[in-house]
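Subject: Structure handover

Hello,

Here is the structure I promised to pass on. Please open it first, then read the notes below.

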Amino acid sequence: MNLSKTFAAVQYASRKLLALNDEKINQILLAVADAAENRKDFILAENRKDLDRMDISNPKYDRLKLTADRLKGIADDIRKVAKLPSPVGRVQKQAVMPNGVVPEGARFDPGHPGTFGVIGIIYEARPNVSFDVFSLCLKSGNACILKGGSDADASNRAIISVIHDVLKQFEVDLHVVELLPSNREATAALLHANG
């Protein structure tokens, strides 16, 4: 499986995030929180498809299950992220070395002050992670590549489609959040992605 074009598109999108100021990022996050609640019927219907394929006695069943209350909690958490101060360009840690040198906090990518640029996450039957990772990555000026498990594929695809709808409204490159196929080949491609 060759995902190099996808990875390149996400990397390119991550650079365009630098043009977004904190106010616009917060507006996007608040709109995603609203969409998580307003589109709950769609998200829950897709989640039901995943639940119907899993045995209710499976320990992952409860982690996989979304409800209106859980979506409200997810939306509330996204709103909390929007209220946080922007971490972009901030010194996160500062100390005085024994020789008197005062190092600044880590700077990971010269093109992304205080950011990584692209963050890849592999997770299993927890569709809430799609919202969580997106909101934290956007707030910190990073694009994200998500690789969810096959147990939650319909749920994750629904969530990313809701996020993409919001990004379209704000004219933001949709590749700032990319959901990979839920197969093992995609996992291997992500783990072996260089550059």
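Start with I160, which is found in helix α7 (residues 153–169). Helices here are DSSP runs of H or I with at least four residues, strands are runs of E with at least two, and both are numbered from the N terminus. At 5% relative accessibility, I160 counts as buried. Buried means under 20% relative accessible area, exposed over 50%, and partly exposed in between, with a 1.4 Å probe and protein chains only. I160 touches S130, L146, V177 and L179, leaving out residues up to four places away in sequence. Contact means heavy atoms within 4.5 Å. The C-alpha atoms of I160 and E178 are separated by 7.9 Å, and the two residues lie 18 residues apart along the chain.

A word on the source. This is a predicted model, where local features need pLDDT of at least 70 and side-chain atom pairs count only at pLDDT 80 or more, while totals for chains, interfaces and linings use all residues. Residues are numbered from 1 along each chain as its sequence is written, and side-chain values use heavy atoms, with hydrogens and water left out.

Now the whole chain. It has eight helices and three strands. From the N terminus, the order is α-α-α-α-α-β-α-β-α-β-α. Of the 195 residues, 43% are buried. Among contacts with a separation of 6 or more, 75% join residues 24 or more positions apart.

Next, a helix pair. The axes of α2 (residues 22–38) and α5 (residues 68–83) come within 8 Å and cross at roughly 175°. Axes are lines fitted to C-alpha atoms, for helices over the stretch in contact, and angles run from 0 to 180 degrees between N-to-C directions. α2 and α5 are therefore roughly antiparallel, a term for angles over 145 degrees. From α2, residues including L29, L30 and A33 meet a set in α5 that includes L71, A75 and I78. The residues of this contact divide into ten nonpolar, one polar and four charged. Ala, Val, Leu, Ile, Met, Phe, Trp, Tyr, Cys and Pro count as nonpolar, Asp, Glu, Lys and Arg as charged, and the others, Gly among them, as polar.

Last, D50. It is found in helix α3 (residues 40–52). D50 is buried, at 1% relative accessible area. Its side chain makes a polar contact with the side chain of S155, at 2.5 Å. That term means a pair of N or O atoms within 3.5 Å; within protein, one must be able to donate a hydrogen and the other to accept it, and residues adjacent in sequence count only if both atoms are side-chain atoms.

Best wishes

Note on methods:
Angles under 35 degrees count as roughly parallel, over 145 as roughly antiparallel, 65 to 115 as roughly perpendicular and the rest as oblique.
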